[in-house]
Amino acid sequence: MTKSGNTDNNDQKATNVYAQKHNVSRSKRGEVLGSRGGFRGCTIWFTGLSGAGKTTISFALEEHLVARGIPAYGLDGDNVRTGLNKNLGFAPEDREENIRRVAEVGKLFADSGVVALCSFVSPYNNDRELARRLHKSVGLPFFEIHVATSLEECEKRDVKGLYKKARAGIIKGFTGIDQPYEIPVNPEVTINTENRTVDDCVQQIVEILQENDIVPRSAVEKVI
């Protein structure tokens with residue numbers, strides 16, 4: 001606590017978050033940074049329910065791009081909430097600030113020439129639109145990817161056991177259970193992960209990046 005009685009900003013406020021390990025090491029990313037030449041900075045924003053597969057697809061795409069000499073970095077919701085945003089909870093106003101901060105960070109990554117891969121539930125259309133406007137205002141490409149896995153399927157997966165806790169009332173304000181998720185109005189890509197491989201989902205995004213000259217045609221062999 002601070003002297004005023006307020007919680008220190010360095011205190012961990014969010015609970016039920018878990019560190020996610022990248023598929024690409026820092027040394028590997030450094031070896032290939034910019035080896036393709038040309039500016040490819042952009043932000044790819046993955047949105048969807050918890051357990052939809054956002055981070056799985058994002059990290060697989062990161063690995064695919066870096067292996068082809070295109071610098072990319074995955075920003076995961078849980079990882080950000082253990083550092084930059086650890087003083088934020090899951091109330092609507094905290095979710096708004098969480099997305100605002102991440103959008104600004106993504107913009108900086110994109111401006112540096114890196115493909116920023118942001119994986120966040122980001123349940124509100126207004127917050128995602130803010131992220132888009134921040135990029136548009138400085139001429140940076142922004143791609144919204146709706147990972148449209150159904151609530152039923154996400155509950156079946158429940159890798160972290162969060163849905164079970166939410167249904168039991170242990171976790172409050174959980175998106176899809178007692179907080180809403182607003183379906184994107186006009187995303188660049190909608191992905192249904194059910195009965196599909198991760199590579200197939202990644203390929204769908206890579207093809208959009210090719211069409212927008214983020215990924216060179218020579219680097220768009222089909223994802224294995």
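Predicted model: local features only at pLDDT ≥ 70, side-chain atom pairs only at ≥ 80, totals over all residues.
To see what makes the contact, show the side chains of Thr 56, Ile 57, Ala 60, Leu 61 and His 64 on α2.

Next, turn the view to check the geometry. At what angle do α2 and α8 pack? The angle is about 65 degrees, and the two axes lie 9 Å apart. Angles of 65 to 115 degrees count as roughly perpendicular, so α2 is roughly perpendicular to α8.

Now move to the largest pocket, which has a volume of about 960 Å³. To find its centre, select Ser 50, Gly 51, Lys 54, Asp 78 and Lys 160, the lining residues that lie nearest to that point. The whole lining comes to 45 residues.

Which helices each supply at least two residues of this lining? Select α2 (54-67), α3 (77-81), α4 (92-111), α6 (151-157), α7 (162-167) and α8 (198-211). Both helices from the first stop are therefore on this list, α2 and α8. The helix that gives the most to the lining is α2, with 4 residues.

Last, colour the lining of the largest pocket by class. It divides into 17 nonpolar, 17 polar and 11 charged residues.

Terms used:
Residues numbered from 1 in each chain as written. Heavy atoms only, no water. 1 Å grid on protein atoms, 1.4 Å probe; cavity = no way out; pocket = protein on both sides within 12 Å on 5 of 7 lines; lining within 4 Å. Points joined across faces, edges and corners; volume = space filled by probe spheres on them. Nonpolar A, V, L, I, M, F, W, Y, C, P; charged D, E, K, R; others polar. Axes fitted to C-alpha atoms, helices over the stretch in contact; angles between N-to-C directions. Parallel < 35°, antiparallel > 145°, perpendicular 65-115°, else oblique. Contact = heavy atoms within 4.5 Å.
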